[in-house]
Amino acid sequence: MLEFCLVLAKGQNGFFFEFAEAIADELRSAGHRASISVDGFPPPREDLVYLLVPPHEYFRLEGIFTEPPPAILARTIFVCAEQPGTSFFDDDVFLAPRAGAVFDINLRSVKEFRRRGVPGVRHLPLGWTPTWSPVAFEPGQPVGNLDRPVDVLHMGIYSANRGRALGAAAKHLVRWESRLILADDSKANSEQRANFLMDSVKWDALRRARVLLNVHVAERPYFEWMRVVQAIGAGCAVVSEHSAGYAPLVPGEHLIFGKAEALGLLTQQLLDEEERRWELARDAWLFLRHELPFSRAVAGLIDAGHEIAARPLPADHRTAAFARRRLHRPQAASLEARDAVRAVVAERYPSDVAGADASRIRAGIKDLRLELMGVRREQARRDLRAASGGIDPPRVEEVRTTRAYAAGRPRVSVITALYNYERHIAAALDSAAESRGVEVELVVVDDGSSDGSLAAVEAWCDRSEDIPARILRHPVNQGLGAARNTAIDFARGEFVFVLDADNEVFAQGIARLVDIIDQDPNAAFSYGMLEVFDQDGPVGVQSAFPWEPERFKTGNFIDAMALVRRQWLVEHGGYTTDRRLHGWEDFDVWCRVAEQGRHGIQLPSIVARYRSTRHSMLTLTDISSTQAVSILIERHPRVMEGVVPPL
């Protein structure tokens with residue numbers, strides 16, 4: 001009887017521990033001893049075989065390509081699970097010749113190993129295992145399939161490809177209870193978090209979901225076998241982006257495939273036909289259970305283990321067992337890491353990556369443009385004073401209210417600061433007016449627009465007298481923060497929902513945000529994911545991550561479009577009017593929440609639409625982040641601790 005030791009690194013990604021546990025359970029069921037070690041390789045014995053799950057991550061987490069001695073690796077089975085075309089797969093190809101045997105869960109990856117000169121790689125097909133199957137469809141057994149309150153579940157690392165697909169699906173997903181869990185790959189996901197599920201929390205999420213939506217991390221059609229097998233084992237129906245290497249699963253019988261832009265519609269159609277959805281989930285489960293048991297694949301690992309155990313141990317294995325040496329990885333890996341860091345810096349602080357001199361120039365340009373904005377405001381004030389015989393213009397004046405305003409009893413005030421958005425304001429207000437499940441009012445502050453924005457709002461009120469709405473005006477432009485604060489002053493709701501003039505909110509979005517903040521009295525605000533769109537359609541999602549204040553050190557990850565307790569805003573000064581934080585007003589509010597020990601709460605579903613455009617304010621904001629970052633550090637030292645402001 002062999003003993004198999006599955007070796008993983010401390011801090012390794014949680015799903016590899018799930019993988020290792022499934023292998024270990026199957027090995028034990030086959031009559032072998034199996035253990036999982038996070039403390040390195042136990043001393044070798046004739047009846048002991050090691051498994052690395054997967055090799056590349058172990059080597060990197062243990063130390064950049066620090067290699068156990070050949071006596072250990074010759075008795076080690078590498079179990080690989082990375083996509084061809086990634087640096088992780090390249091690492092496995094580089095390391096594979098050192099192993100006693102190599103397996104991969106994807107047949108296409110096996111072929112790529114062989115194409116790249118690693119001929120002995122074998123396939124380890126994933127399938128049904130009791131470790132990953134918390135429900136049953138067998139006759140006479142409880143199905144555990146009746147109480148599934150979550151209609152759509154998505155789990156995966158955030159990527160541009162997933163963002164685009166989820167954004168395209170938004171108009172269909174908003175009809176349903178969805179839970180879109182997007183993790184961050186900036187570090188190993190080794191513990192349970194709000195956006196990375198493990199152990200019982202993960203199985204509970206799968207048991208409660210009707211459909212698992214599977215989207216590829218990149219444009220490669222790599223089939224995510226582990227995610228799909230786990231979902232099927234938990235009784236979910238699966239809707240997936242088109243893939244390669246999914247056989248022996250049969251499209252239409254065991255899961256649904258479609259183009260990324262069609263996934264929302266395909267999911268909606270399946271949810272509309274519960275009997276078909278249930279049959280798809282059942283047939284997939286039964287197929288895995290009877291035609292693709294994981295035990296059959298693990299038998300291949302056992303055969304490889306016997307082959308390795310039959311080889312004699314090296315004579316010096318006891319003295320050489322734990323001597324380590326550095327592997328010399330090709331330079332491409334470090335270059336790739338360097339480029340990845342540069343890309344992150346460029347995304348977070350786009351104006352400050354060309355060197356200190358360029359950054360100082362941009363900061364100066366931004367100061368000049370803000371100064372010019374102030375001069376224009378003062379000149380407009382003087383012109384109005386002169387036109388009125390020396391009387392200063394009022395800070396704010398009321399334009400009108402709708403007929404329904406006086407009788408309104410809003411729980412939520414939708415506040416909109418309006419400046420030169422004549423083309424889009426009506427669509428924004430229409431979307432808010434269609435809100436369902438909660439009483440709302442609309443409060444619009446025209447911040448000295450120079451186009452037809454104010455006339456557009458008045459025209460909207462003329463045809464929307466049944467919607468509680470109040471229109472105010474700043475005769476002289478005062479800036480975004482001041483306009484929002486004016487709206488807050490006149491708001492009557494318990495909450496304010498910030499809707500910028502070119503964005504839109506889905507009909508159930510505000511009510512769902514109210515529902516989750518009602519469950520957490522200590523939360524200062526709630527927010528949901530946003531579909532990002534431009535003139536050509538959906539392009540991604542925003543506000544994708546849950547409340548984690550440490551993220552503010554690398555930039556703002558929560559959009560202004562959120563539901564905030566009005567009283568909290570009033571008590572804490574509302575939105576900043578410091579011109580040095582022009583365009584960073586919402587970032588400052590979220591940092592203030594964190595600095596005071598309060599928190600926000602994320603709804604992991606799409607609630608609204610964010611228009612991606614190069615508006616003048618965003619252009620000005622992006623010129624330089626130098627001064628704004630410095631001010632945030634000064635105002636919120638605990639939240640921004642450790643952040644070095646750009647030069």
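F41 and Y58 are both buried, where buried means under 20% relative accessible area, exposed means over 50% and partly exposed is anything in between (1.4 Å probe, protein chains only). Their ring centres sit 5.8 Å apart with the planes at 90 degrees, so the pair is edge-to-face. The pairing rule takes rings of Phe, Tyr and Trp (its six-membered ring) with centres within 6.5 Å, and calls planes under 30 degrees apart stacked, over 60 edge-to-face and the rest tilted. F41 comes from the loop between β2 (33-37) and β3, and Y58 from helix α2 (residues 55-62), so this pair ties together parts that are 17 residues apart in sequence. Helices (H or I, at least four residues) and strands (E, at least two) are DSSP runs, numbered from the N terminus.

W128 counts as buried, with a relative accessible area of 14%, and so does W285, at 2%. The whole structure holds 25 aromatic pairs. Further along, ring pairs link F525, Y527, W547, F552, F557, W584, F587 and W590 into a cluster. One ring of that cluster, F557, has R551 over its face, 5.9 Å from the ring centre. Likewise, R484 lies over the face of Y575, at 5.0 Å from the ring centre. To count as over a ring, NZ of Lys or CZ of Arg must be within 6 Å of the ring centre and within 35 degrees of the ring normal.

All of this rests on a predicted model, in which local features need pLDDT of at least 70 and side-chain atom pairs count only at pLDDT 80 or more, while totals for chains, interfaces and linings use all residues. Residues are numbered from 1 along each chain as its sequence is written, and side-chain values use heavy atoms, with hydrogens and water left out. The average pLDDT (the predictor's confidence in each residue, from 0 to 100) is 88 for the protein chain, and 86% of the residues score at least 70. Two stretches stay under 50: residues 319-326, with 22 contacts beyond four places in sequence, and residues 330-342, with three such contacts. A contact is a pair of heavy atoms within 4.5 Å.

Helix α11 (residues 294-309) has 16 residues and should span 22 Å at 1.5 Å a residue; its end C-alpha atoms are 23 Å apart, which agrees. The expected span is 1.5 Å times one less than the number of residues. Buried residues of α11 include F294, V298, L301, I302 and I308. Their cover includes β1 (3-7), α1 (14-29), β3 (48-52), β5 (76-80), β6 (101-104) and β7 (122-123).

E82, in the loop between β5 and α4 (87-95), is buried too, with a relative accessible area of 12%. Beyond its neighbours within four places in sequence, E82 is in contact with F16, H56, F88, F89, D92, D104, S109 and Y222. H56 is 26 residues from E82 in sequence, and 9.1 Å away C-alpha to C-alpha.

Overall, the protein chain has 22 helices and 23 strands, and 56% of its 647 residues are buried.
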